[in-house]
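Let's take a walk through this model together. Have the sequence and the 3D view open as you read.

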Amino acid sequence: MDKDIITNFENLYRSYRKAKLGKSHNGSCARFQNMSLEGIHLLKEQLENQTYQIGKYSQFKIYEPKERVIMSCSFKDKVVQHCLCDNILHPRLQNVFIETNSAGQIRKGTLYGMDKLKEQMLSFYNEHGLDGWILKCDITKFFYSIDHEILKDIVDCYFPDSYTTWLNHLFIDSTDGVGLPLGNQVAQVYALLMLDCVDHMITGELGIEHYGRYMDDFYLIHHDKEYLKECLLHIEEMVSSLGLSLNGKTQICPVKNGLRFLGFHHYVTKDGKYIRRLTSKNKRRAKKKVRNMVRLLKAGRITEKEFEQQYKAWKNHASHGNTVKLLHSMDLYIKSELEKGYG
């Protein structure tokens with residue numbers, strides 16, 4: 001039974017260990033750690049008796065890559081989410097999602113999504129050259145627009161167990177009105193499942209071979225522009241039935257123009273070479289971010305170790321594109337600024 005899996009002490013302890021990684025100075029984490037085993041036993045009892053309640057969210061804004069409101073749950077709720085996702089949600093959905101649904105899953109992510117796109121663009125080129133079209137779709141304010149009742153109907157189809165239904169509904173309704181809290185681990189899984197029917201319609205009923213999705217950002221590649229227009233009508237109808245809508249970024253463009261996806265511009269040259277470059281917008285954003293990091297370092301607001309970790313993380317991401325010149329110029333900029341000293 002699902003209840004036995006979720007309330008299993010070893011599963012909860014394993015989830016506690018995962019949840020506390022890198023969060024030793026977090027307030028609710030520190031309080032929970034002070035009572036550690038006792039806290040897990042109490043959480044186990046609340047879950048067994050179904051008296052467990054989700055705590056109040058902390059809200060803050062982030063401004064990269066765009067302004068968004070992040071809702072952070074309490075540490076005990078992170079433990080329960082890890083336990084639910086690792087032992088129930090992910091294992092049972094791994095064979096449900098299509099291969100090119102690349103967000104929020106084990107061994108998948110942005111690089112996986114970009115590499116799948118590369119495979120598909122080269123495969124299409126080998127069949128049709130650059131004589132084709134790309135339908136690029138995006139959902140309007142996806143996380144903020146998800147209807148709880150529609151989502152619960154979808155989730156219940158895959159997790160009919162009454163105990164898991166109770167826990168899923170508890171997390172889905174943990175905020176008022178429509179929308180899911182950005183920052184919740186379970187919300188990421190629910191969001192993936194929300195559009196799963198769109199994936200299967202496109203790859204199954206519509207027969208699109210070259211297709212991929214990262215959360216609410218997805219593309220279709222086909223040689224017939226008129227057929228993509230027809231596909232768009234079906235997609236709009238399906239998305240509307242979910243209480244969602246496509247935004248103004250949705251468009252059909254020639255394959256030769258390439259595709260902007262996951263912060264990079266992807267395209268294939270006339271002679272069949274695949275190119276992946278950071279978009280101009282992301283280059284400007286990256287330069288601004290690095291300049292700000294340097295200012296924070298010189299002002300003593302972050303340590304050299306923190307600076308190195310953040311800069312290395314950005315370089316690792318950027319290095320997946322053709323960015324040798326950009327990375328070299330950023331290294332020179334940082335070296336020049338730091339040689340001026342911290343005064």
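Is Cys73 buried or exposed? Cys73 is buried, and its relative accessible area comes to 8%. Please keep in mind throughout that this is a predicted model.

## Cysteines

You will find 0 disulfides in the structure. For Cys73, the closest cysteine sulfur belongs to Cys85 and sits 11 Å away, which is too far for a bond; a disulfide would need the two sulfur atoms within 2.5 Å.

Cys197 gives a second example. Its closest cysteine sulfur is that of Cys157, at 10 Å, so this pair is also too far for a bond. Cys197 is partly exposed, with a relative accessible area of 29%.

## Overall build

Zooming out, the chain contains 14 helices and 9 strands. The C-alpha trace spans about 65 × 65 × 30 Å along its principal axes.

Of the 343 residues, 45% are buried. Among contacts with a separation of 6 or more, 69% join residues 24 or more positions apart.

## Surface and charge

The chain exposes about 18000 Å², and carbon and sulfur atoms supply 50% of that area. As for charge, there are 49 positive and 41 negative side chains. The centres of these two sets lie 11 Å apart.

## His82 in helix H4

Now turn to helix H4, which covers residues 75-93 and includes His82. His82 counts as buried, because its relative accessibility is 18% and the cut-off for buried is under 20%.

Which residues does His82 contact, leaving aside its neighbours within four places in sequence? They are Ser15, Lys18, Ala19, Asn87 and Gln185.

## Ile235 in helix H11

Ile235 belongs to helix H11, residues 225-241. With a relative accessible area of 0%, Ile235 is buried.

Not counting residues up to four places away in sequence, Ile235 touches Leu135, Cys137, Met201, Ile202, Phe218, Leu220 and Leu246.

Notes:
Residues are numbered from 1 along each chain as its sequence is written. This is a predicted model: local features need pLDDT of at least 70, side-chain atom pairs count only at pLDDT 80 or more; totals for chains, interfaces and linings use all residues. Side-chain values use heavy atoms; hydrogens and water are left out. Helices (H or I, at least four residues) and strands (E, at least two) are DSSP runs, numbered from the N terminus. Buried means under 20% relative accessible area, exposed over 50%, partly exposed in between (1.4 Å probe, protein chains only). Contact means heavy atoms within 4.5 Å. Accessible areas come from the Shrake-Rupley method with a 1.4 Å probe; for residues, only the protein chains shown count as cover. Lys and Arg count as positive and Asp and Glu as negative; His and the chain ends are not counted. The place of a charge is taken as NZ of Lys, CZ of Arg, CG of Asp or CD of Glu.
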